[in-house]
Amino acid sequence: MKKTILERRAQLLRLYTGLPWQSARRRVEVTSPGSALIPQPDQDQLMLESSVMAALAWRQITTLHPWGIKYVDPRSDRLLIHFETVPAELRGSDETQAMDLAQKLLPRADEYGEIHGVPGARAHTERGRVVVRTVGTSASITLLGLDPDEWLRAVAMQDRAAIRDGMTLCHRDQPAQWHPAERPYRRREQEASAASAWLSSGLLRRAGLIRTLGVPLAVTGWVGHHERGGERWIIDPTFVRSDGPGGHRRLLAFLAAPAWGLPVVPVAERCGCHLPPGYTDQCTTIATCPTGRPGVLEVRAIGRRGEALARIQQDRPAVYAAQQQIRLRVPAWIDRWVER
């Protein structure tokens with residue numbers, strides 16, 4: 001049991017971000033007591049993280065951790081994301097983190113002028129790491145867990161595919177400034193995506209929380225309709241319902257915890273925990289900012305059980321076994337903390 005204030009803060013940081021224990025402890029040791037361990041970034045960093053979250057929200061490859069993220073390390077001026085390395089026997093032969101990330105993050109313009117990827121983002125290899133930066137700002141996200149040589153090969157392959165599809169490579173044509181095709185996106189700072197960037201960035205900085213639901217089976221996310229002057233962010237984590245009913249309420253409690261979570265409160269809930277297997281496995285909660293800040297969060301927690309879970313276990317037993325190993329258990333004292 002973690003008893004000291006330092007150990008408890010480190011364990012909470014690990015729960016929210018997924019950081020390894022020793023890394024979380026070192027972060028706490030070098031941070032002033034009482035200061036935020038998941039700081040709020042500046043506007044440029046916020047916008048980059050929001051765009052990257054939107055790109056990662058629906059992965060096209062097999063992942064074990066939610067969104068393929070092993071852990072995040074949030075700082076005030078940057079973000080580090082450590083992506084998992086899935087063994088070849090658990091994924092498709094053409095599935096790699098580098099290929100999927102290069103496709104999702106690097107900006108390309110199609111024939112209609114629509115940008116695919118993150119507008120203004122440029123990726124570089126720096127000291128053996130892949131770093132994504134926004135042109136003209138200090139905002140950066142470091143992509144850990146990627147081999148630099150594999151990343152460069154993936155970028156080259158994705159670029160060739162984009163050229164075959166008639167796309168314009170913004171990051172190649174204008175490596176140090178915004179491409180004309182990207183500039184309309186640069187001017188959208190007052191639109192819904194910018195107004196609710198605090199929400200999507202905040203979710204990315206707390207990616208570890210999804211594993212508090214139970215064994216993670218999958219998680220996807222997307223932007224719904226605009227409302228309250230911002231975006232409606234929808235995530236639907238699918239997990240093994242093994243801890244009894246109400247796990248989705250615990251997740252929302254963590255997301256709303258003062259000093260650790262986001263400025264949100266649940267305003268509506270549709271719970272199916274009391275129903276027997278065969279009716280519904282989904283519990284939906286909607287949360288908004290109590291001060292009226294733009295943006296709405298909708299969590300559709302899907303807890304698999306009974307025959308639905310048995311089919312998952314039978315279809316991909318090796319993947320299910322690997323997912324069981326990464327479940328993040330919540331210590332009893334943290335459950336008591338969040339209840340208070």
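Me: How many cavities of 30 Å³ or more does the structure hold?
Reply: The structure holds 3 of them. A cavity is a set of points on a 1 Å grid over the protein atoms alone where a 1.4 Å probe fits but cannot get out. This is a predicted model, in which local features need pLDDT of at least 70, side-chain atom pairs count only at pLDDT 80 or more, and totals for chains, interfaces and linings use all residues. Residues are numbered from 1 along each chain as its sequence is written, and side-chain values use heavy atoms, with hydrogens and water left out.

Me: What volume does the second largest cavity have?
Reply: About 50 Å³, a volume being the space filled by probe spheres set on the points, which are joined across faces, edges and corners.

Me: And which residues line the second largest cavity?
Reply: The lining is T17, G18, P66, I69, K70, Y71, A207, G208 and R211, where a lining residue has an atom within 4 Å of a point. Strand 1 (residues 69-74) gives the most, with 3 residues; strands are DSSP runs of E, at least two residues long, numbered from the N terminus.

Me: Turning to the sheet, what is the strand order?
Reply: An open sheet of 5 strands runs 1-2-7-6-5 with mixed pairing; two strands pair if DSSP finds at least two bridges between them. Strand 1 and strand 5 (121-126) each have a single partner strand, so one side of each has no neighbour in the sheet.

Me: How does strand 5 pair with strand 6?
Reply: Strand 5 pairs with strand 6 (residues 129-134) in the antiparallel sense over 6 bridges. R122 has R133 of strand 6 as its bridge partner.

Conventions:
On a 1 Å grid over the protein atoms alone, a cavity is a set of points where a 1.4 Å probe fits but cannot get out, and a pocket is an open set with protein on both sides within 12 Å along at least five of seven lines; lining residues have an atom within 4 Å of a point. Helices (H or I, at least four residues) and strands (E, at least two) are DSSP runs, numbered from the N terminus.
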